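Work through the exercises below with the structure in view. Each task is followed by a solution in steps.

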Amino acid sequence: MKFLYAAYAATWLIHIAYLVTVARRYARLKREIQDLNRDLR
Amino acid sequence: MKKVFPIFAVLTAGLLSYALYQALIGAPTEQTMGDVQRIFYYHVPSAWTAFLLFSINFVASVWYLIRRNTGADIVALVTAEVGVVFCTVVLVTGPLWARPVWGIWWTWDIRLTSTLVLWLIYVSYLLLRRFSTSGQTPVLAAALAVFGALDVPLVYFSIWFFRTQHPQPVIGGGGSIDPRMLHVLLINWLAFLCFAFLVCWSRYRLERLQRDVEETQALEALLDPRSSVR
Amino acid sequence: MRAESQAVSGVTRATLAKDIRLEWRSKDAINSMLFFALLVVVVFAFSFDPTAEESRQIAGGLVWVAFLFAAVVALNQTWAREIRNQVLDAYRVSPAPPNSLFVAKAVGNFLFVAILECLMTPLFIVFYKLRALGPGWQLVPVAALGTWALVVNGTFFAAMSLRTRSREIMLPLLLFPISIPALLAMVEATTIILSGDGRARFWIVLLATYDLVFTTASLALFEKILDAE
């Protein structure tokens with residue numbers, strides 16, 4: 001049934017979208033830490 | 001601590017895959033609704049997980065109000081965010097289930113409606129966190145969380161009574177459940193709980209790191225010899 | 001103990017009297033609320049042209065939405081004067097209990113909104129040809145409890161929104177979700193009373209419970225909020 005697959009797909013899309021935002025914030029943070037390390041040297 | 005995370009992640013992935021298999025193939029087909037009913041195995045565990053996360057948010061918020069512990073504040077923030085994610089899943093899978101079964105996208109079904117109100121309350125909590133410029137945002141957020149938690153039983157009762165006055169279709173079927181279905185339901189719930197824990201843990205570490213970085217940046221700005229502040 | 005409770009009610013009365021006096025002189029809030037509420041009534045009247053029977057079914061919802069919007073206008077300016085004149089800092093260092101300030105503000109808001117409701121109700125009756133088929137007197141406790149439910153949380157959230165970007169939007173954003181059980185109760189009770197269809201007792205009890213719970217919560221947490229500003 002179309003709705004069944006849509007529901008399961010939607011569930012994982014939502015979770016993945018959130019994890020992507022977390023990952024991106026983490027990447028940005030890593031860059032800021034590098035900048036800080038450079039400045040504090 | 002660092003070693004545990006990847007191992008646990010792999011285990012969780014395995015559990016989720018097994019649970020998915022059971023939900024789609026292993027579980028018996030429901031008589032009246034057919035295969036669409038299998039949405040149940042994702043819809044209900046997501047709702048239960050969201051409620052659990054919001055309960056933790058309440059406890060963490062109260063703890064913060066009493067002890068002003070930063071860890072508690074971060075737990076509150078994290079559980080609210082992940083809780084909203086799971087709530088969103090409930091609100092999307094609900095109508096996707098209702099439409100083929102009842103022909104309508106929305107029904108003032110008690111679980112769906114309570115989840116909607118809960119979603120609204122915790123989104124407003126997250127908005128407060130984001131838009132507050134006070135130095136004491138954690139205190140304000142914690143107070144709002146307490147209000148939200150106090151509201152939950154009232155929300156539930158008001159919708160319950162409203163539904164007895166205006167009967168609506170029930171998503172998820174009432175009554176007893178086939179033990180094989182219950183087994184699959186619980187497996188999926190366990191899998192999602194593990195997943196939620198992993199996500200919360202990652203988010204917690206991110207937030208801790210973020211706050212440390214901000215503190216360091218603030219200190220650097222103060223101590224920077226090139227700054228104009230003397 | 002007696003001296004302390006006298007201090008509380010003294011400060012409450014004084015703050016309340018001051019607010020009423022200032023408002024009476026400028027009539028800022030009342031005028032803007034009244035005009036806004038009138039606009040809402042007229043716009044709704046143009047949008048719907050119901051029969052008397054239909055009116056009784058939808059009036060509950062319409063009326064309370066209109067009152068809710070008007071209440072938000074009043075609530076948004078609750079602390080405006082205090083912010084402008086740095087009064088909050090004075091309250092923080094004074095020995096006066098912070099709850100007395102909260103009670104004064106909440107009661108003041110309640111009075112303003114109640115006056116507004118009294119002025120708007122005849123308009124609604126006329127525009128929608130309303131007549132209560134049930135026990136009309138019950139509308140008074142419903143209105144009183146319902147208004148207090150909106151005002152007590154609204155005053156608290158107005159204090160929380162003081163230091164936020166888009167302050168005027170933050171208040172309704174915070175208030176509306178939490179108020180849903182109370183709004184449902186108000187609307188259902190009003191519809192039941194107007195249409196004479198069933199009993200409003202459950203909803204009135206729910207409203208009373210809601211008021212009790214949130215008045216207690218606001219009084220318990222207001223001091224922490226005040227310190228946080």
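This is a predicted model: local features need pLDDT of at least 70, side-chain atom pairs count only at pLDDT 80 or more; totals for chains, interfaces and linings use all residues.

**Exercise 1.** Find where helix 8 of chain C bends, and state what follows the helix.

Solution. The bend is at C:I180 and amounts to about 60°. A proline, C:P181, follows within four residues. After the helix comes C:G196, and its phi is positive, near 65°.

**Exercise 2.** Decide how far helix 8 of chain C is enclosed by the rest of the structure.

Solution. A residue counts as buried if 20 or more other C-beta atoms lie within 10 Å of its own. By that test 21 of the 29 residues of helix 8 of chain C are buried, so the helix is largely enclosed by the rest of the structure. For chain C as a whole, buried residues make up 45% of its 229 residues.

**Exercise 3.** Describe the side of chain C that touches chain B, and say which helix gives the most to it.

Solution. Begin with the contact itself: chain C contributes 26 residues and chain B contributes 28 residues. On the chain C side, helix 8 and helix 9 (201-228) each supply at least two residues. Helix 8 of chain C gives the most, with 10 residues. Sorted by class, this side of chain C has 18 nonpolar, 3 polar and 5 charged residues.

**Exercise 4.** List the elements of chain C and judge how compact the chain is.

Solution. Chain C has 9 helices and 0 strands. Among contacts in chain C between residues at least 6 apart in sequence, 84% join residues at least 24 apart.

**Exercise 5.** Identify the residues with the most contacts inside the largest nonpolar core, and list the contacts of B:A76.

Solution. The core has 129 residues, and those with the most contacts inside it are B:A76, B:L144, C:A71 and C:L207. Helix 3 (residues 70-102) of chain B provides the largest share of this core, 18 residues. Leaving aside neighbours within four places in sequence, B:A76 is in contact with B:N57, B:A60, B:S61, B:Y64, B:A141, B:A142 and B:A145.

Notes
Residues are numbered from 1 along each chain as its sequence is written. Chains are lettered from A and ligands numbered from 1 in the order in which they are written. The bend at a residue is the angle between axes fitted to the seven residues ending there and the seven starting there. A residue is buried if 20 or more other C-beta atoms lie within 10 Å of its own, exposed if 12 or fewer, and partly exposed in between; C-beta atoms are placed from the backbone. Two residues are in contact if their C-beta atoms, placed from the backbone, lie within 7 Å. Ala, Val, Leu, Ile, Met, Phe, Trp, Tyr, Cys and Pro count as nonpolar, Asp, Glu, Lys and Arg as charged, and the others, Gly among them, as polar. The radius of gyration is taken over C-alpha atoms; the globule rule is 2.2 Å times the number of residues to the power 0.38. A nonpolar core is a set of buried Ala, Val, Leu, Ile, Met, Phe, Trp, Tyr and Cys residues joined through C-beta atoms within 7 Å.
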